[in-house]
Amino acid sequence: MESVELIYKAVYILVIFGITLLIATYSTYAERKVAAFIQDRVGPNRAGPFGLMQPLADAGKMFFKEEFIPAKSNRMLFIIGPGIAMIVACMSSAVIPFGDMLIIGGREIYLQAIEVNIGMLYIFGVVSLGVYGLMIGGWASNNKFSLLGAIRAASQNISYELAMGMSIIAILMMTGSLSLREIAEQQAGFNWNIWYQPLGFIIFLTCSFAETNRTPFDLPECETELIGGYHTEYSSMKLGLYLFAEYINIFVASAVMATLYFGAYNFPFMENLREAFSDPVVGNNVVTLIGVAVMFAKIFFFIFFFMWVRWTLPRFRYDQLMKLGWQILIPLAILNILLTGGGILLFD
Amino acid sequence: MTESLFYFLASLTLLCALMVVISRNPVHSVLFLIITFFTISGHYILLNAQFLAAVNIIVYAGAIMVLFLFVIMFLNMNKDSESRVKTSTLSKFAGTIAGGLLFVIMVAAVKDTTIAGYNADTFTSQTGMVETLGAVLFTQYLLPFELASVLFLVAMVGAVMLGKKEAGEQHF
């Protein structure tokens, strides 16, 4: 690989990393503002204009809290737990195409960190590893509530991964590719997958709520039963890392949903806009930049949706959660695969 | 570059696999086994088999090992219960001799084998790609593939049958 290409990739990965952290930081602020709006309150408004410095104040507070490690815990695993949660959360945004390509100085620059032809499997693999951070942390705390939270996290993730994988299979049958860039390119203009896969999208959305441990599926940290669930014993920035990893996971889940079902960086009439410019290079770059903005608008909408649901729906009971996963979502996902197969046979 | 990467990965694999057996704490054993699966996925990537690498992580590290960890956490095995199992001197001797014999047999077996290298003329780097793999699975090896899926279905039905509630039994 050329050195220019290498430097570009390194810079791009750093930028995506920074954007991920920034969005996760401000998700904490947005969550409190959305909660305040839904509950008819004001929300954080003291630190800076509109309370915009609130995430920094929160992080500062986290850093200065006492670092506490329980006496009979497994010290090493107790420290590794939040680290795994954070690293795994940051890994998954690598294959997401945040935009099409820019042409700068005759060089084609793709706005995607790594293009592999198994992008979807990569995301799926990384997501399935996320539960280790919770399990290891919960077990190493040597606390019954933490252990119960960890066990809930494990069984919940395994149950919902199945339905999630099956809903993705329907998408893969339609697109015939595992590469996220190719899936994005096939949805050019307004030809988004959501029009063909509404049932698959609902299954995927429900499963991503369960995989990110968000209400109504936040049983691993259910405070009315388990105090704090898997992070009962955690304090200081270790707790901060767990909470932060959750917001990064929400960002990645939103980006994946936008890419798979809502046309990624594509928007209606993009071809007309591209042809409106006399210079094809300028047209391409303008369309790509608008595409990046569109992609992030879609991501922000999904992040808002996660919060909206959190402050609207009550939490499931544990047996209801398992019943929903195994007896409703998985049969629905299989039905969706059959319907998709029938549709492909009939119309293609 | 690739060669040194291979030796690094291979030694890491062997080290972690050894640690699985040596670790006193069963949770540590499981974690080392997970690292072993990662290093094996690294080997697959070196062989340009991306699909196998990803599936290896999803299936083994992501699902099966989570279940392992789940069960071990429930059993609550720790150092105390481990050290209660006493190994007598006799069983240590027997173990050493049996292991040594196995080693000799392995040496004898490896001595006469010729390791088939790859033929540069017929070698295709695309063998491990998902398209090629799918084409081969659904044409040349269609029958074994379908039979394996039936086998999995039977195993799944069996697991559901075993886990089914007996008549009158109440869990909640």
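**Where chain B meets chain A**

Reply: Let's start with the polar side: three residue pairs, both members at pLDDT 80 or more, are in polar contact across the interface of chain B and chain A. (A polar contact is an N or O pair within 3.5 Å; within protein, one atom must be able to donate a hydrogen and the other to accept it, and residues adjacent in sequence count only if both atoms are side-chain atoms.) This is a predicted model, where local features need pLDDT of at least 70 and side-chain atom pairs 80 or more, while totals for chains, interfaces and linings use all residues. Side-chain values use heavy atoms, without hydrogens or water, residues are numbered from 1 along each chain as written, and chains are lettered from A and ligands numbered from 1 in the order written.

What about salt bridges (Lys or Arg side-chain nitrogen within 4 Å of an Asp or Glu carboxyl oxygen)? One case is Glu31(A) with Arg310(A), whose side chains meet at 3.0 Å, N to O. That pair ties together distant parts of the chain, 279 residues apart: Glu31(A) sits in helix H1 (residues 3-38) of chain A and Arg310(A) in helix H12 (residues 280-310) of chain A.

Back at the interface, 26 residues of chain B are in contact (heavy atoms within 4.5 Å) with 23 residues of chain A. Together the two chains bury about 2,100 Å², meaning accessible area (1.4 Å probe) lost on being put together, summed over both. Carbon and sulfur atoms give 80% of that area. On the chain B side, Ile58(B), Val66(B) and Met73(B) lose the most area to chain A, together 28% of what that side buries.

As for which helices do the touching (DSSP runs of H or I, at least four residues, numbered from the N terminus), three of chain B's each supply at least two residues to the side that touches chain A: H2 (26-46), H3 (50-75) and H6 (130-139). H3(B) has the largest share, with 16 residues. By class, that side of chain B has 21 nonpolar, four polar and one charged residues; here Ala, Val, Leu, Ile, Met, Phe, Trp, Tyr, Cys and Pro are nonpolar, Asp, Glu, Lys and Arg charged, and the others, Gly among them, polar.
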